[in-house]
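I opened the file to look up a few contacts, the metal site and the sheet. These are my notes, in the order I took them.

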Amino acid sequence: MDELRELYQEVILDHSKYPRNFGKLGCATHRADGDNPLCGDKIRVELELDGRMVKEARFEGVGCAISMASASLMTESLRGKSIEQAKALFHQMHETCTGQSDHLEAGHEPVELGKLVVFEGVRQYPLRVKCATLAWHTMRNALVGGAEGSS
Ligand code: ZN
């Protein structure tokens, strides 16, 4: 188990040091800002949708290692997903981080979390759950709001 935990930490550290898909997206169709005042994390998520498919996902912002790593891993895993799959991932991620199942959305189809499983450990640190899920909440708001939805 300790080895697994170390591996998780390595993935999180790597993504927080070298965030993937960091920066502005020129042709964003959907965008939203999110912040987590408890920790000081601020993030903007931009998506480019092609029909109902996420073609590109980028983010920028400042925050702790967990919030940045989460956003980085999220943008990686969103690319090529449908809107439905992106929402399903959001719920799966939420369940993984909180350890609680999302009863309101019980009907969603299970999706493969892949690398996102590294965030399983945050459920032991309730204050960190918001850090790990900030990018995901922001992404969901972006999907709902479109490019002018929030700024
Ligand atoms: Zn944080």
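I count a contact when heavy atoms lie within 4.5 Å. The model is predicted, so I keep to the thresholds that come with it: local features need pLDDT of at least 70, side-chain atom pairs count only at pLDDT 80 or more, and totals for chains, interfaces and linings use all residues. Residues are numbered from 1 along each chain as its sequence is written, and side-chain values use heavy atoms, with hydrogens and water left out.

**Entry 1: Glu48**

I looked up the neighbours of Glu48, setting aside residues up to four places away in sequence, and found Leu25, Cys27, Thr29, Met53, Val54, Lys55 and Glu56. Glu48 sits in strand β2, residues 41–50. For the element names I use DSSP runs numbered from the N terminus: helices are H or I with at least four residues, strands are E with at least two. Is Glu48 buried or exposed? Glu48 counts as buried because its relative accessibility is 13%. The cut-offs are under 20% relative accessible area for buried, over 50% for exposed and partly exposed in between, with a 1.4 Å probe and protein chains only.

**Entry 2: zinc site**

Which protein atoms are donors of the zinc ion? I noted Cys39 (SG), Asp41 (OD), Asp41 (OD), Cys64 (SG) and Cys131 (SG), at 2.2 to 2.7 Å. Donors are N, O and S atoms within 2.8 Å of the metal (3.2 Å for Na, K and Ca); water is not among the atoms, so sites may look incomplete. The sequence spacing of the donor residues reads C-x1-D-x22-C-x66-C.

**Entry 3: sheet**

I traced an open sheet of three strands, in the order β1-β2-β3 and with antiparallel pairing. Two strands pair if DSSP finds at least two bridges between them. β1 and β3 are at the edges with a single partner strand each, so one side of each has no neighbour in the sheet. From one strand to the next the twist averages 20 degrees. The antiparallel strands β2 and β3 are joined by nine bridges, and Val45 stands opposite Phe59 in β3. Helix α2 packs on the sheet, where it touches β2 and β3, and its direction makes about 165 degrees with that of β3. Axes are lines fitted to C-alpha atoms, for helices over the stretch in contact, and angles run from 0 to 180 degrees between N-to-C directions.

**Entry 4: aromatic pair**

I found one aromatic pair in the structure. The ring centres of Phe22 and Phe59 are 5.1 Å apart and the planes stand at 90 degrees, so the pair is edge-to-face. Rings of Phe, Tyr and Trp (its six-membered ring) pair with centres within 6.5 Å; planes under 30 degrees apart are stacked, over 60 edge-to-face, the rest tilted. Phe22, in the loop between α1 and β1, is 37 residues from Phe59 in strand β3. Phe22 counts as partly exposed at 38% relative accessibility, whereas Phe59 counts as buried at 0%.

**Entry 5: Met139**

Leaving aside neighbours within four places in sequence, I list Val45, Leu47, Met74, Leu78, Ala86 and Phe90 in contact with Met139.
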